[in-house]
Amino acid sequence: MITQFKLEVLKLIRSRSFFLSFLALTSFVVLMLWGFYTYAERKAGEQATAQFKYTYESKSYFNGLTFALYSVMFSFSLLIPIFVAMTSGAQIAGERQAGTLRMICVRPVSRVSLLLSKFLVIAGYTYLLVAFFIGLNLLVGLFFVGWGDLQLYPGALNLVDEPGKLMRDEALWRFAYASLSGTWALLVIAALAMLFSVVFDNPSMATTATLALYLVFHIVGRVEFFEHLRPYFFTTDMDFWRDVFKPEIPWQSLGRYGSICGAYVFGLLLLAVAIFDRKDLTT
Amino acid sequence: MWAKVALIVLCAVMIASAAYFDPARTRSLLVSRAQEGPHLRLMTWNIGYAELEDDSRAHTKDMQAIAETILTNDPDAVALQELTGAEQLKILLGQLHGRYRGAAAAPGNSDRVDAVLVKNREAGFDQLPADGKYAIAARFRLLPQLPEIILISAHADAFSAARRRAYTGDVVDWARHRSTGSIVILGGDFNFELNPRNQSHLYTDNIKNDSEAYSYALKYFRDLGRDAGQTAANDRRIDYLFGPREKVTLRRAEVLRNAGVGRMDHWPLLVEVAL
């Protein structure tokens, strides 16, 4: 399995989508920086008439940590899941489309080991992606916006019930925690894409099905009509990763929703393994 | 085979730990040591009807039920919103069998008024101008040797977040300037919509306006009913009792969800503090 894992790592690194995802995230950070910088200038500059002077438009509010927080929050729901679904969805279906799956399966490697080593690689890739993105945002924030404490207000980002503050060093630790909690949440999408990758013959189909399901739940969960259905969507449970940014981390809630995400991940993997193990490979 | 078993075990462990962790397990309001001193019980209640009704102001036929709720819970002072006027307040005071004194705010530019009720016979009342309309404040003492208590009854605009911000700013400024020698409690229906998921207009500054207003109130006061849950229909917490940060100890905060009458869309928020 270790050899298989190493081979899968090499395959991933040599794929174009691997570098494309990092490039896209870097472009997003540049775009965010431009937007944040001009907004901060407009809202907190000398010519500005402060409308929200106690909260969002005070000069102390705009700093590198706030920039990183907004950037991470916005990208986590819609941008990073695309790359995770794309890479994970291509794992089995991609091999099938390229005609290499049968060849791999005739080697003395069990199908279960093959699938699990692929998933482990995806888990490592997801962590790398999240850690890279958070690290890049913090670096850009430090050099281009400047650091301060992280101020949090109720309403925006829906993080806190009352105004709160994270001191700089504590906030940096919270970003480190977010790289772990964020990865754990994203593994649900990775596992779902892996399942579709086993079910469908085409990687595009697997990626599209994963993103369609994710986006439908994500959007429907925000529509008031379906309020009573929200607790049953995996997208609601995935939201737990943000709790690490609360002034006092709700460990009980974090444990609960983190465990639910874990149940999704292992449950979906189990299903994927069961299907893949019995699947007749004809291509 | 071992891998499948490991996955089944991991999945079962995750389900078990999800059941073990209880997100609702939070700190109790009563963990702090009991404080000596008299208790002050306050209530705020928007007694108007849901907006689908023809007349969404309070209905006079409900006054008896409202009075019964007040008498049952026995608050020292009550902040009421959405009354039709002083006449309706008079009827309510009659239903309260003279146990409370009260005053209604001037109508200003609104068709509904706020009111305060106080048990204390020597209470005084002040009109409080805020963003074109009026809130009303009651001044009273629980005991002669204790500091003066001021309860404000306020009702911020239901439809414009910008107006809510302006109104809240005026009321909070009035209240904080009187908080030096007195215990000021700010009660009412502020209509703050702080959860973006409940917002139907996503491309507005509504959240920022409400966040600014709420944060400004919390700059000087404490949200006493924060852990009591929703106060209005559709899981909304829009009725508040803001009190001083340090002068009082919170003993109880409860939303009386069985107290609604007719087509009211709010429930009374009852808070008890030790002085």
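**Notebook: helix H6 of chain A and its neighbours**

I started with a crossing: H1(A) passes H6(A) in a right-handed way. A crossing counts as right-handed if the near helix is turned clockwise from the far one by less than a right angle, and left-handed if anticlockwise. Helices here are DSSP runs of H or I with at least four residues, numbered from the N terminus.

Before going on, I noted that this is a predicted model, where local features need pLDDT of at least 70, side-chain atom pairs count only at pLDDT 80 or more, and totals for chains, interfaces and linings use all residues. Residues are numbered from 1 along each chain as its sequence is written, and chains are lettered from A and ligands numbered from 1 in the order in which they are written.

**H1 against H6**

I looked up the geometry next: H1 (residues 2–14) of chain A packs on H6(A) at about 50°, with the axes 9 Å apart. Axes are lines fitted to C-alpha atoms, for helices over the stretch in contact, and angles run from 0 to 180 degrees between N-to-C directions. That makes H1(A) oblique to H6(A). Angles under 35 degrees are roughly parallel, over 145 roughly antiparallel, 65 to 115 roughly perpendicular, and the rest oblique.

Which residues meet here? On H1(A) they are A:Gln4, A:Phe5, A:Glu8, A:Val9 and A:Leu12, and on H6(A) they include A:Leu114, A:Leu120 and A:Tyr125. Contact means C-beta atoms, placed from the backbone, within 7 Å. I sorted this contact into seven nonpolar, three polar and two charged residues. Nonpolar covers Ala, Val, Leu, Ile, Met, Phe, Trp, Tyr, Cys and Pro; charged covers Asp, Glu, Lys and Arg; the others, Gly among them, are polar.

**H6 against H10**

Then I turned to H6 (residues 111–145) and H10 (residues 251–278) of chain A, which pack at about 140° with axes 9 Å apart. H6(A) and H10(A) are therefore oblique to each other. Their crossing is right-handed. H6(A) brings A:Arg111, A:Val112, A:Leu115 and A:Phe119, while H10(A) brings residues including A:Leu269 and A:Phe276. I found seven nonpolar, no polar and two charged residues in this contact.

**A glycine in H6**

I also checked A:Gly135, which sits in helix H6 of chain A. Buried or exposed? A:Gly135 is partly exposed, as 14 other C-beta atoms lie within 10 Å; 20 or more would be buried, 12 or fewer exposed. Its C-alpha atom is 8.9 Å from that of A:Ala176, 41 residues apart along the chain.

**Chain B**

Last, I saw 32 residues of chain B in contact with 30 of chain A.

Terms used:
Helices (H or I, at least four residues) and strands (E, at least two) are DSSP runs, numbered from the N terminus. Two residues are in contact if their C-beta atoms, placed from the backbone, lie within 7 Å.
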